[in-house]
Amino acid sequence: MDTVKTVVLAGASGFIGTYLRRRFQEDGWTVRTIGRTATGSSAAAWDDGDGMVRVLNGASLVANLAGRSVSCRYNQRNKAVIMDSRVATTQALGRAIGQCTAPPSTWLNASTGTIYRDARDRPQSEADGGLGSGFSVDVAKAWEAALEAATTPATRKIPLRIAIVLGRGGGALAPFANLARLGLGGHMGDGGQKFSWIHVEDLYRSIRFLHARTDITGPVNVASPDVVSNREMMRLVRRAYGARFGLPTPAWLLRAGAVLIRTETELVLKSRWVQPRKLLDAGFVYSEPELGRALLQIAKGRR
């Protein structure tokens, strides 16, 4: 374990970052932050290079979660913001770590399981997963390339290919739960697309685990091994929220609705089959390994 337990959370203002900050503090860590604006004596803003160096210096771990939400229409303006919010912040973090006299030993940088192709034939592991195509994949590749290009010889760098994060009070579950409550929680499209996910507590625990396991390098898939189809996922959502039936939503209606609510159908129609091979091989133990149980816990307000 660390003698000086200090973690820097970058881009930690959202659902995931807020949860991680609380859990690190509960476990006795000192938490420093980097965000859009400096909000305290220990915090720095992305445009304050010297401040970032001060915040990072002497920390043992940095976890970068920065990135604008992808739940929007992919017009040119939004695409530019989505890309820049990931690549530019990663580059800035790399420059600051490179200037530290006592840099963090571990840099975990968010990436996404969406980097893999639309897969229904087999799971995609770190070793044999096929990279996909399209804007979301381009963003993920650029994100990871920025991390790789950072010159931080004393800091181990790991891109976290994170699946859809579930937890109480936020994350990607809310829209599915709302649909279920309205009686619209049936399968989406043909329902055969795979749904990879991770409970936010296991995201936190995997960050702690990877920091301690200095033998693990390269991209890591952060996902539960319990991958289900969209049809099964929505059945479990309905069960958790007490919905007795749910009307399915065909792909054409999803595409029309996505325009109205200003999002992209890729978020629900792409088949994400992410296999956490490195975590499993290293002996990581999940606190919420099964989707059905995790959803019940979330719905009851327990996790």
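The lining of the largest cavity comprises 7 nonpolar, 2 polar and 3 charged residues (Ala, Val, Leu, Ile, Met, Phe, Trp, Tyr, Cys and Pro counting as nonpolar, Asp, Glu, Lys and Arg as charged, and the others, Gly among them, as polar). The model is predicted, so that local features need pLDDT of at least 70 and side-chain atom pairs pLDDT 80 or more, whereas totals for chains, interfaces and linings use all residues. Residues are numbered from 1 along each chain as its sequence is written, and side-chain values use heavy atoms, with hydrogens and water left out.

Searching the whole structure gives 1 cavity of 30 Å³ or more, a cavity being a set of points on a 1 Å grid over the protein atoms alone where a 1.4 Å probe fits but cannot get out, with lining residues having an atom within 4 Å of a point. The largest cavity holds about 70 Å³ of space, a volume being the space filled by probe spheres set on grid points joined across faces, edges and corners. Its lining includes Ile 164, Phe 176, Met 188 and Arg 272.

Phe 24 is in contact (heavy atoms within 4.5 Å) with residues including Trp 29, Tyr 204 and Ile 207.

Notes
1 Å grid on protein atoms, 1.4 Å probe; cavity = no way out; pocket = protein on both sides within 12 Å on 5 of 7 lines; lining within 4 Å. Lists of a residue's contacts leave out its neighbours within four places in sequence.
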